[in-house]
Amino acid sequence: MPEVENVIIVGSGPAGYTAALYTARANLSPLVIEGFMWGGLLQQTTDVENYPGYPDGVQGPEMMQQLRDQAERFGARYLTDQVTKVKLASEPGGVHRVWVGSDEHRARTVILAMGAEHRKLEIRGEEELAGRGVSYCATCDAAFFKDKHVIVVGGGDSAMEEAIFLSKFAAKVTVVHRREEFRASKIMLERAREEDNIEFLTPYVVEELAAGEGDALATAHLRHVDSGEQRELAADGAFVAIGHVPQSEIVRDQVHSDEDGYVLTEGKSTRTNRPGVFAAGDLVDRTYRQAVTAAGSGCVAALDAEWYLRDTPEVPTPEGMPQGDLAEAQWEPVAARSAEPSAAE
Ligand code: NAP
C-alpha cells in the first residue's frame, strides 16, 4: 500500500512549480508528477520579457529550470512521468489516488496544473505532415527552415511571436489569419510588421496542407473567407499558432469543467468541486494565460491545499479496511452527484 502523501501536484508549468515551492516551504514535501516534457509550454518559448524580476528578459527553458530548482531546494520531489489515471475521493478528508502506469500514488490533496496544449487546425494533411513541415513550435523547429518559405497560421500574440522568430531563419514568412483584425497585442503586431520578410494574408483560412515530393509539406490550400476564392500557396513549413486546449482529459469525468474543458474553480479560490482537489494555471484560465498569472494561481492552490490539510480531519479508516478501498467506495462520478442536488444545496 503506497504511503499517503500530503499533496500530489500534477503538471509542471509555472503553476505546478510555484505550487510545489509553496507547499514545500510549508513542509508538506509535495510530490510533483511533472510529465516527460517538464516545464510546460514555456520550454518552447525564447525570450520571456514580461515576467517581473527579469529586467533583461529570460529564456523560457532557463526560467523553468530555475523554478524547478527553487522548489526542489525546499523539498519538492519530482517524478518525470505521465499520470495515466486518477480516482478522486468525493468526501472531505478522503484519499485521492493517482496512477502512473501501474504505480499507484495516494494523497490527501491534489493540485491539478496540467496546463494546455497547442490547438490543432484539424484539417486534411495536418496530422500526417506533423514533423514533415507542420509544426507547433518555432523555437524547436525554425532552424530546419533556413532560407525557406513558411506560413504561420493565427492572429494572436503566439502567431506574431512565431513569425518574428521564424523571420530570422526563413527567407519569407507569411502570416495567414482568418480575419482582418488581429487579436495580438499592438506591440507584437508592430514588431512583426517591422520585419521585411514577414507578410500578412487576410482573411484566409487554411483548408488543407498537402505534401509534395519526398512526402514533406509543399502546398497550403487557402480559402478567402468572404469571397470563397481558392488559392494555393507554396510553403516548406506551416507553423500553427491558433491558441490552446486545456489538458483536462484525465479528470474530466470527475471534476466540473466548462464546455471547452477548462476546469471550474470556486470563486477566487482554486477549489474544484472535489474536496481536497485544487486546480491552477492554464488548466483553469482561458483569459489571462500569462506565466505570472499561472504562477500566482499556483501559489493560491498551495495555500488552499495547506489550509484544507490543516482544517480537514482525515476520514477515519474502519478497522481492517485499507484506505484505498475506502476511497474507492466513496468515489462516484461528479455528474451523478450534481444531477440531483439535495434539498440542503
Ligand atoms: P489567442 O490570443 O487565443 O489567439 C488565437 C488566434 O488563432 C486568434 O487570432 C484566432 O482567430 C486564431 N484561431 C483560433 N482558432 C482558429 C482556427 N481553427 N483556424 C484559424 N485561426 C484560428 O492565442 P495565443 O496567440 O496563443 O495567445 C494566448 C495568450 O497568451 C494571450 O493572452 C497572449 O497575449 C499570450 N501570449 C503572450 C505572448 C507574449 O507576450 N510574448 C506570446 C504568446 C502568447 P480569431 O482572432 O479570429 O479568433
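Reply: Happy to. A residue is near a molecule if one of its heavy atoms lies within 4 Å of it. This is a predicted model, in which local features need pLDDT of at least 70 and side-chain atom pairs count only at pLDDT 80 or more, while totals for chains, interfaces and linings use all residues. Residues are numbered from 1 along each chain as its sequence is written, and side-chain values use heavy atoms, with hydrogens and water left out.

Around the ligand there are 20 residues, and those that come nearest are Asp157, Ser158, Arg178, Arg179 and Arg183. The shell divides into 9 polar, 7 charged and 4 nonpolar residues; here Ala, Val, Leu, Ile, Met, Phe, Trp, Tyr, Cys and Pro are nonpolar, Asp, Glu, Lys and Arg are charged, and the others, Gly among them, are polar. Helix H4 (residues 157-167) gives the shell its largest share, 3 residues. Helices (H or I, at least four residues) and strands (E, at least two) are DSSP runs, numbered from the N terminus.

Now for the polar contacts, pairs of N or O atoms within 3.5 Å. Ser158 places a polar side-chain atom 2.6 Å from an oxygen atom of the ligand. For Arg178, an N or O atom in the side chain is 2.9 Å from a ligand oxygen. Gly155 takes part through its backbone, with an N or O atom 3.1 Å from an oxygen atom of the ligand. On its own the ligand has 910 Å² of accessible area, of which the protein covers 76% (Shrake-Rupley method, 1.4 Å probe).

Next, the strands. An open sheet is formed by 5 strands in the order E10-E17-E11-E12-E13, with parallel pairing. At its edges stand E10 (134-135) and E13 (198-201), each with a single partner strand, so one side of each has no neighbour in the sheet. Within the sheet, E11 (residues 149-153) and E17 (residues 237-240) pair over 4 bridges (pairing takes at least two DSSP bridges), and Ile151 stands opposite Ala238 in E17.

As for the cysteines, a search of the whole structure finds 1 disulfide, meaning a pair of cysteine sulfur atoms within 2.5 Å. This disulfide joins Cys137 to Cys140, with S to S at 2.0 Å, and the link is right-handed, with 75° about the S-S bond. Cys137 counts as buried because its relative accessibility is 6%, while Cys140 is partly exposed at 44% (buried is under 20%, exposed over 50%, partly exposed in between; 1.4 Å probe, protein chains only). Cys299 is buried as well, at 16%.

Finally, Tyr22 belongs to helix H1 (residues 14-25) and counts as partly exposed at 38% relative accessibility. The C-alpha atoms of Tyr22 and Val300 are 9.1 Å apart, with the two residues 278 apart along the chain.

Terms used. A polar contact is a pair of N or O atoms within 3.5 Å; within protein, one must be able to donate a hydrogen and the other to accept it, and residues adjacent in sequence count only if both atoms are side-chain atoms.
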